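Hello,

Here is the structure we talked about handing over. Please have a look, then read on for what turned up.

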Amino acid sequence: MKQVILVAISVICLLSSCCNDDLHKAYEELDRAIELRECYDSIFVSEVETMKLDMAAEKDDSMKFEMAANIYRRYRYHNVDSVIRYVDIQKAISDRTRIREHVYLTQIRRITQMFIQDRYDLARPIYEALDTTDMTYNMRKNCYGAGVTLYRRFPDAPDKFRYYAENYVRNGFDQTFNVRMQYELLLQDRKPEEALDVLMTFYNENELSLHGYAGIAFGISSAYEAMGERQQQKIWLARSATYDLKASVKEYVSLLLLSKILMEEGEYSRAARY
């Protein structure tokens, strides 16, 4: 019996050591990303400027609308003023083309702009008044995605959140967002272990964008938080924040949450740096 206890203690110590090593490595990678953030920002600016030149040279309004939408997506987590500008450009193009999909997507992106500005109360009645008859694939994808983002913020509407999340998953839209919806539904059902399994499988088996990796890593941290595993939560928050910095994302949600945890734990120097 004594030998079994000693073996168990040894295993626990080994796991704790590995976890500490992973956390130290995650902090090192995050520190390096912070040092290089100006370089990542320069890469972002260069890529977007190329996209702008291509859009300026394009003559076809439908192609120009898609190009403006792609630039809007790049700015969505980077600069709210540029988001507004490229929603305005999409609105001007949709006013010319009068293509219903263009008009509808512009309305959805105007609502998303309100999300970024934290104006959810204003966005809600506008979203709920949208005409949802005979929607195209792209219209449904953006409608359900916006619905998830909107109703996630309203505790009085859990059924609506579930409706839009389940519809997004059922329709098999964007793969990364789809997986994030699955994990949110599992967390809502208090199944963090299943949520973690879904996220870790997707994270390990797919080639994602930097922003995609950041979102999935944040989800993994949320699953660990629900399981009460603070050390793993910090590791994955640090990884998520590193991906955000490399993608030149300016939301800093993961970084801010990690800083809050570090403050609570008395690691004031690191918390202040983050």
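**Aromatic residues**

One aromatic cluster is formed by Tyr 127, Tyr 137, Tyr 144, Tyr 151, Tyr 163, Tyr 164, Tyr 168, Phe 173 and Phe 177. Bear in mind that this is a predicted model. The structure holds 16 aromatic pairs. One of them joins Phe 44 and Tyr 75, edge-to-face, at 5.9 Å centre to centre with 70° between the planes. Phe 44 belongs to helix α2 (residues 37-57) and Tyr 75 to helix α3 (residues 61-75), so this pair ties together parts 31 residues apart in sequence. Both Phe 44 and Tyr 75 are buried.

Tyr 127 and Tyr 151 make an edge-to-face pair too, because their ring centres are 6.2 Å apart and their planes lie at 75°. Tyr 127 sits in helix α6 (residues 120-128) and Tyr 151 in helix α7 (residues 137-151), so the link spans 24 residues in sequence. Tyr 127 is buried, at 4% relative accessible area. Tyr 151 is buried as well, at 2%.

**Charges over rings**

There are two cases to look at. Arg 124 has its charged end over the ring of Phe 154, 4.5 Å from the ring's centre. Arg 270 lies over the face of Tyr 27, with 4.1 Å to the ring centre.

**Helix α13**

Helix α13 covers residues 253-264, 12 residues in total. From first C-alpha to last it reaches 17 Å, close to the 16 Å expected at 1.5 Å a residue. Its buried residues are Ser 254, Leu 255, Leu 258, Ser 259, Ile 261 and Leu 262. These cover an arc of only 165° around the axis, so they fall on the same side of α13. Leu 256 and Glu 264 are exposed, on the face turned away from that buried side. After α13 comes Gly 266, with a positive phi near 85°.

Thr 112 is in helix α5 (residues 100-116). Its relative accessible area is 5%, under the 20% cut-off, so Thr 112 counts as buried. Leaving aside residues up to four places away in sequence, Thr 112 touches Tyr 72 and Arg 76.

Ser 222 is in helix α11 (residues 210-226). Ser 222 is buried, at 15% relative accessibility. With the sequence neighbours up to four places away set aside, Ser 222 touches Tyr 183 and Leu 187.

**Confidence**

The chain averages a pLDDT of 92, and 93% of the residues score at least 70. Residues 4-15 stay under 50. For that stretch the model has 0 contacts beyond four places in sequence.

Best wishes

Terms used
Residues are numbered from 1 along each chain as its sequence is written. This is a predicted model: local features need pLDDT of at least 70, side-chain atom pairs count only at pLDDT 80 or more; totals for chains, interfaces and linings use all residues. Side-chain values use heavy atoms; hydrogens and water are left out. Helices (H or I, at least four residues) and strands (E, at least two) are DSSP runs, numbered from the N terminus. Buried means under 20% relative accessible area, exposed over 50%, partly exposed in between (1.4 Å probe, protein chains only). Contact means heavy atoms within 4.5 Å. pLDDT is the predictor's confidence in each residue, from 0 to 100. The expected span of a helix is 1.5 Å times one less than its number of residues. The arc is that of the directions from the helix axis to the C-beta atoms. Rings of Phe, Tyr and Trp (its six-membered ring) pair if their centres lie within 6.5 Å; planes under 30 degrees apart count as stacked, over 60 as edge-to-face and the rest as tilted. A charge sits over a ring if NZ of Lys or CZ of Arg is within 6 Å of the ring centre and within 35 degrees of the ring normal.
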